[in-house]
Structures are given as structure tokens and as C-alpha cells.
Amino acid sequence: MPDAPDLSVLLKRTFGYTTFRPLQREIIAATLAGQDVFALLPTGGGKSLCFQLPALARPGLTVVVSPLIALMKDQVDALQASGVAATFLNSTLGADESRARLRGLHRGEYKLLYAAPERLMLEGWSENLKAWNVACLAIDEAHCVSEWGHDFRPEYRQLAQLRAALPGVPLMALTATATGRVRGDIITHLQLREPATFVASFNRPNLTYRVVPKDEPLKQIIAFVRLREHESGIIYCASRATAERVAETLAGRGFAARPYHAGLTGEERAANQEAFLRDDVRIICATIAFGMGINKPNVRWIIHHDLPKNIEGYYQETGRAGRDGLPGDCLLLFSAGDIAKQTHFLDEITDEQEQQVARAQLRQIVHYAESAGCRRAELLAYFGETFPLDNCGACDNCLEPRETYDGTVAAQKFLSCVYRVTRHSGFSVGLNHLIEVLTGAETEKVRRWGHDRLSTYGIGREFTRPQWAAIGRELMRLGYVAVAEGEFATLELTPEGAALLKDRTAVTLTKPMALPKARRVARREGDIECDEILFERLRALRKRLADERRVPAYIVFGDTTLRAMARYYPATADAMEGIPGMGEKKRAEFGEAFATEIALYLATNSRQAFA
């Protein structure tokens, strides 16, 4: 195994970086020592380098299992641009090209091979793998192994068979998101042997999280996008129709936007994705079918037009912003109507266990959306991590804390209604029915169960039904009311709620979210301050060079590299030394072109000074 300085030299020479991200060095050291590895790194945390760098540091072939055909070509293009001998095998290749690559593998010409799990299970492939001197098997998106993961793939379960075929080869399982249960599943099903386990923080400090009340969402989206016209973003929608409508509306206003969903043909989806990757299209309006295969580092913002189904999916989707480490904005448009829509979909799930899990997940994401607490702390808590600060400085609730009010009377009325309904009927009821009792609704159920004769009937007419729903959900978050176990989501007093009702303790509640005022986009924490006019010129040059090579722009350089150039003005190829992301091969291929562009700019413009 190379000593630590050799790894640093390899990192600098090949990829142009002088430092490792958290846990990368430790993961690389473990796999080079021949250990099985389980690594959980957040999106943008640098998972790929954990198997790419060791592949260069040791003899033999590293096989990377990926479920995403679209992603394989991107990763291989990026590696080849950095001078790494990498290839992929999948169904997009013709027979002649596949045979040529197989011949190269038999001759030992490659350091990395990307393949789908189905390909590795084909008859005769275990013999190929034995013949190719495989040094490591890296399983990307390893949560696909688990039925409890958000993206279960049955074919991933078969990968354990490779242990028998390659008994001495270390396995590496990598994922960006996994609860404790999923982590256990991955280790068990892949038969990892006493793996070195690494779990990085789920915190994405460069992302800002905001939730705002949904109010004429198309207008809200247009206002948001207008302030970010040169930035790439994804708008997630709950339905194909919404994705189409939003894309059409934005395109009609002159924005480069296209839809992406399962209703399009494979050719249309591929064309729209390719246009987005190459910066021909700035905005993709998508259902959740989009994103897992997107390795686009310069996505600057994510909008959720509709409420996501669960926190894990939301975390994954927002995580597609800012993968290059530069700032990203995440906006969730939230309305009580979305809760009703999601609940309606859940009612159609026939499996009772599945329905209960889905209901619990919906309650968690609603709690997140309505919470007055730090968004970052809420997200991290879901994954079992404690955020150490009181104020993250990068979410709406920390930047602009919501107003509170004395909610003692409202809480007493709500809790009293829960108590009286249960005592009168001998069974508990759901939130909607409680609100009908509080607001004095004349429904068939209220009359049939005699709830119009309760002392709490009609005592809450000062609030609207949505206001009572928000109060009820906040009392759940505060732990005074709990959702009962069982098929129906009925509400019961907790011991804390019963004590509050008895002792008449003061309760502080949070006012509902207000619509935000229009604001300009300020320079964001973590951004690289630079000459923005030069940055745009360098971006245009990058696009031209990428189009000539028929690859996405980030294969040439990421935004971090361009912004560093636009800050330090390296006007010769030699002056590019130390620019992040400028490896030796890329400097040889592109350094002169970018240095010339910078020199031309400086001929008519003065350098800016930055703090």
C-alpha cells in the first residue's frame, strides 16, 4: 500500500486537489489494506474518489457496480478526461464495441470497469472476473440491496454470489443515504466480512433550506428562477401533468426548461437529460423518476413544487444541489392541500403494513415542513445525528425565526376535545373529525356518535379548519398528542398532554408561515468570490470545448475551478498550478485555452481585489 504522501501526490496529479474530504483518506487506507468497507457519505461527499484513487494506487482491476446506465458514461468520460484508464460495459454498446472493450480487459488495459449488476450475473462472467485480476469490487448505491431502502433493486441481492467467485477480493459498499436498518441490511445481504465502517455527517453545510406557503406556485417559481437566470436547477413535481405544465409555463416565459418523467419515451428522456447535463437546458421539471443518475455538480437550486412522500426522498433530492461544494438553495412549497392529496393516495394502498409505514413517513415530512425549529437539525435528527448548534444560519427558521403566541387556550380546547370525544365514545378519532367537533360542523358522523352534545362542540369557531389542523399538528410535534397504533391514524392524549390539560400549564405555539418578501440573491456563505464577468466568459469557453468533445461541461472543469480562475487570474498555463480541479492531464489539454482567455480579458479589464 502506498504511504500517505503518495496518495496525496496521486490526488493532486490526477484530480487536481490538495486535500481529501472527510473520511476519504481513512476509507481509501482501509480498502488498500484489503478490508471490506461500508461507507456512508452524503451526496457531494466524494464517494467516487474512495474507489477511484485506490484503483490507481494498486495493481489489478477495480469493478464498480452501478445501477445507472446513464451515469456510467459520465463517470468514465470524467475519468478519461483526467487521464485514467476506465471503461464501462452496458446495453448501450454495440456488439463490436463490447468485444473491443472485453479484449482490452483481457489484456489488462483498464484500471476501472463500470457495469450493472445484471451484467455481472450473466453466465460465464465469473470466469471473466477471475481472469481479469480483480483487486476490488465497489458496489455503488448499495442501499438498493435493502427492501427498506428508498430504491430497492432485487438484482442487487444476487451480488453476494460474487463472494464465492472472488473469495479473496475485498468488497466496498457505498451509499449516500441509509437509516440504521438499511445499513444492517447492506452488510448482511452483501456478506461483508467484519467491514471497516465509515459514516460521515449527513450535514450539507453549503445548502440553504426554506419552506414557504404554496400560493400561486407558478408565479412563485417564476419569481425564484428570474433571480437565478444563469443557474441550473431541478423542480420536483408530484405528477407528470404538473411537471409538463411547469416546464411549458417556464419555456413560454423564455426560460430553457424541459420536463422529465416516465410518460416520455426513452429517447425524449435521454435527450432532455443530455441537454440539461450539457447546460443547453437550465431547468428540468421532473417527477422523482429523475435525479439518481445525475452526476451534474453545478445544480445550484432545487424546488419541490409538491410535498415529498418522505424525508429520505426529500434529503436525496435536495442533495442534488451543490455537489461541487458551492452554495445551493432548496425551496419547498407547502400547503395543507398537499397533505390531503397524499393522504388520498395512501388510502388506496391495500397492504396494511405498507400503508402504516407510508402514513408515518408522511407525518414526518409534514412535521418537518411545519416545524419552527432548525431545518438542518430536523433533517439530521431523522438520520440519528445531532446538530451541535442552536442556529445553523442557513435555513428560513434560523435566518428569520417565526413569531410565537400564547397558545394556552387553543391547546386546552384541542386537548380537551381529544379527551371528551374518547371518553364519550370509548374510541379515539382522527384529526379531521376533532376539527369538525371543535368548529361545530353538522356532519352525519358527528350526529351519529353524539359528538354534537359534547361540551367541546363548537368551542373553536374562532379558528378556521386549516388553522386548527396546524395547531393539532404542532401539539403532536410537541408531544402532547400521539397517533395511535393501528389501521386508522387516530389521536390520543399522551401522559404529557393529560398533565398539561390538568395543570393548565402555559403553552407557546408558533404562528403559521407567512409568504416571504421578494429578495435579491445575496452572495451565499461558502461561495468563491470572483470576477463574475470573467467567470461568465470562462463558462462560455468551457461549454464550447465540451460541445466539441460531445461531453457535459463539468467533464472539462467544475464551477469551483472556473471561479478560482476568475478570482486569481492565471494568465499562463504554468500559473494554473494550485487551481483546484486542475490535474496534470487537464492542465496539459485545457490550461492554455483558459489562460489565453484570461489574458485577453486582462488586456481590456483590470483585476479585481478580493478579501
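The model is a predicted one, in which local features need pLDDT of at least 70 and side-chain atom pairs count only at pLDDT 80 or more, while totals for chains, interfaces and linings use all residues. Residues are numbered from 1 along each chain as its sequence is written, and side-chain values use heavy atoms, leaving out hydrogens and water.

The strands belong to an open, parallel sheet of six, ordered β8-β13-β12-β9-β11-β10 (two strands pair if DSSP finds at least two bridges between them). At its edges are β8 (207-213) and β10 (257-260), each pairing on one side only. From one strand to the next, the twist averages 15 degrees. Helix α10 (residues 217-226) also packs on the sheet, where it touches β8, β9, β11, β12 (299-304) and β13 (328-334). Within the sheet, four bridges join β9 (residues 232-236) to β11 (residues 283-286), and isoleucine 235 stands opposite cysteine 285 in β11.

Attention now turns to helix α23. At its start, a side-chain oxygen of aspartate 531 comes within 3.2 Å of the backbone nitrogen of isoleucine 533. Just after α23, arginine 550 adopts a positive phi of about 55 degrees.

Note on methods: Polar contact = N/O pair within 3.5 Å; in protein donor to acceptor, adjacent residues only side chain to side chain. Helix = DSSP H or I, 4+ residues; strand = E, 2+ residues; numbered from the N terminus. Axes fitted to C-alpha atoms, helices over the stretch in contact; angles between N-to-C directions. Contact = heavy atoms within 4.5 Å.
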